[in-house]
Amino acid sequence: MINLHDKVVRHSTVESNGINRGGHGWRGIALLLLFCAGHLVLSVSGAAADDRARLNAALASAKGGETIVLPDGDYGPLTISQTFSKPVTIKSENPRGARFGAVKITGANVILDGVLTYDRFTLHNASGIEVRNSRLAGWAEAIGSQSIKFRNNEMATTLMLQNVLAFEVSGNFFHVEGGINGDYLTIVDETRSGTIANNTMADAAPVINADGSYTHADAIQFYTTPSARDWPSSIVIRGNLIFDNPATGDAGVWMQGIAVGGRDILIEENLVMAGTPNAIIVANSPGGIEIKNNTVLPWPNGGGGNIRVNDTSKGVYVDGNVSNSLVNEGTAVVGDNFTYAVEPHAVYFRNLFEMKRNGMVWTDFVPKKGSPIDIGTRYGAQERLKELAAR
């Protein structure tokens with residue numbers, strides 16, 4: 001990372017839209033225009049680290065391709081409606097040192113890098129937006145948008161994608177201290193052409209209310225609203241680690257792992273530990289669903305760990321998975337899967353896996369040497385485990 005504060009004394013300050021002259025301009029704000037790595041860099045520096053007027057001035061002067069580096073501070077709410085010709089990056093000088101309240105982006109070609117948001121985060125009719133290396137702590141949503149990426153973030157909240165075309169959600173750590181009382185990632189209505197890969201989704205704490213209703217918690221859930229014309233489609237769900245700690249939440253409720261509906265969806269190489277009968281469940285699908293080479297563990301007491309295909313689905317293919325049970329209520333084509341036992345038996349799950357952390361770390365999913373699902377067989381999320389072991 002280029003520390004632009006260190007470069008201030010070695011670069012002259014130039015005029016930018018009449019806002020700054022000689023380094024001491026409007027409201028004491030300096031916009032330093034530097035040429036680095038073949039693109040224009042705007043370093044925001046001035047009187048008060050939390051003065052968002054500096055950022056607004058930098059955005060007003062940006063045309064496309066700039067990087068705006070922010071020192072630590074609280075910049076309050078952020079609204080971006082501009083459509084830039086090339087991506088404009090807003091980057092925190094120190095990881096998560098630049099903080100924002102409510103964020104709303106309706107423009108195009110914006111990257112947020114290393115920032116922290118603590119209020120609602122909204123992309124609405126936006127295009128070409130990437131959020132990376134950041135922490136989102138308020139409700140997050142992308143609605144009616146396209147070419148959206150969330151990469152390598154800490155997601156202490158729910159992320160909803162509704163009617164989004166072309167997306168990537170990868171390498172994120174979804175968690176809420178004590179477990180989330182809700183969903184982590186929801187894919188809604190005609191959201192399509194996307195990848196959900198290599199995320200960690202850590203624990204839910206659903207509650208039972210006084211009236212008997214309860215939280216229906218999911219790590220990944222696909223659904224439609226009444227106005228939707230179609231279900232989600234053309235999506236890959238790969239390499240995610242999902243676990244539900246049985247010590248959190250009310251007794252008798254749990255978090256479903258992967259709950260999908262729609263068409264042309266590939267679910268492969270995921271590591272799921274859940275006490276629900278629906279650790280992976282497919283429903284409301286007209287076809288094109290593949291569930292391949294996933295490793296699904298039960299709760300430490302042996303509850304859950306199932307793969308289920310609902311009778312509202314057709315055109316589902318299930319092969320190469322490791323689970324407690326494969327429940328085929330519809331017309332799924334079932335290939336060669338491995339089913340373990342949850343009580344003492346030759347294929348008792350605790351004889352197949354180390355389970356030192358009860359399925360809450362990826363190493364618990366590594367099969368024991370010499371077991372019938374050992375690395376080198378065709379069962380479970382072997383490719384993902386190899387990737388993790390190689391790090």
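Trainee: How many aromatic pairs does the structure hold?

Mentor: This is a predicted model, and in it the structure holds seven aromatic pairs. In one of them, the rings of Trp254 and Trp299 have centres 6.3 Å apart and planes at 80°, so the pair is edge-to-face, given that planes over 60 degrees apart are counted that way.

Trainee: Which parts does the pair of Trp254 and Trp299 tie together?

Mentor: Trp254 lies in the loop between strand S25 (241-243) and S26, while Trp299 lies in the loop between S31 and strand S32 (306-309), so the pair ties together parts that are 45 residues apart in sequence. Trp254 is partly exposed, with a relative accessible area of 30%, whereas Trp299 counts as buried at 12% relative accessibility.

Trainee: How are the rings of Phe338 and Tyr379 arranged?

Mentor: Their centres are 5.7 Å apart and their planes stand at 55°, so this pair is tilted. Phe338 belongs to strand S37 (residues 338-339) and Tyr379 to the loop between helix H3 (349-352) and helix H4 (382-389), so parts that are 41 residues apart in sequence are tied together by the pair. Both Phe338 and Tyr379 are buried.

Trainee: How should I read the open sheet, and what is the order of its strands?

Mentor: In general, strands of a sheet pair through backbone hydrogen bonds, in either a parallel or an antiparallel sense. Here an open sheet of eleven strands runs in the order S5-S8-S11-S14-S17-S20-S23-S26-S29-S32-S35, and its pairing is parallel. Strand S5 (78-80) and strand S35 (325-328) stand at the edges with a single partner strand each, so one side of each is left without a neighbour in the sheet. From one strand to the next, the twist averages 10°.

Trainee: Which residues does Leu59 touch?

Mentor: Leu59, which lies in helix H2 (residues 52-61), touches Ile68, Leu78, Ile80, Gln82, Phe84, Val88 and Ile90, leaving aside residues up to four places away in sequence. Leu59 is buried, with a relative accessible area of 4%.

Trainee: What is the phi of Asp189, and where is Asp189 found?

Mentor: Most residues other than glycine have a negative phi. Asp189, although not a glycine, has a positive phi of about 60°, and it is found in the loop between strand S20 (185-188) and strand S21 (192-197). Asn293 also has a positive phi, near 55°, and lies in the loop between strand S30 (287-292) and strand S31 (295-297).

Definitions and conventions
Residues are numbered from 1 along each chain as its sequence is written. This is a predicted model: local features need pLDDT of at least 70, side-chain atom pairs count only at pLDDT 80 or more; totals for chains, interfaces and linings use all residues. Side-chain values use heavy atoms; hydrogens and water are left out. Two strands pair if DSSP finds at least two bridges between them. Helices (H or I, at least four residues) and strands (E, at least two) are DSSP runs, numbered from the N terminus. Axes are lines fitted to C-alpha atoms, for helices over the stretch in contact, and angles run from 0 to 180 degrees between N-to-C directions. Buried means under 20% relative accessible area, exposed over 50%, partly exposed in between (1.4 Å probe, protein chains only). Contact means heavy atoms within 4.5 Å. Rings of Phe, Tyr and Trp (its six-membered ring) pair if their centres lie within 6.5 Å; planes under 30 degrees apart count as stacked, over 60 as edge-to-face and the rest as tilted.
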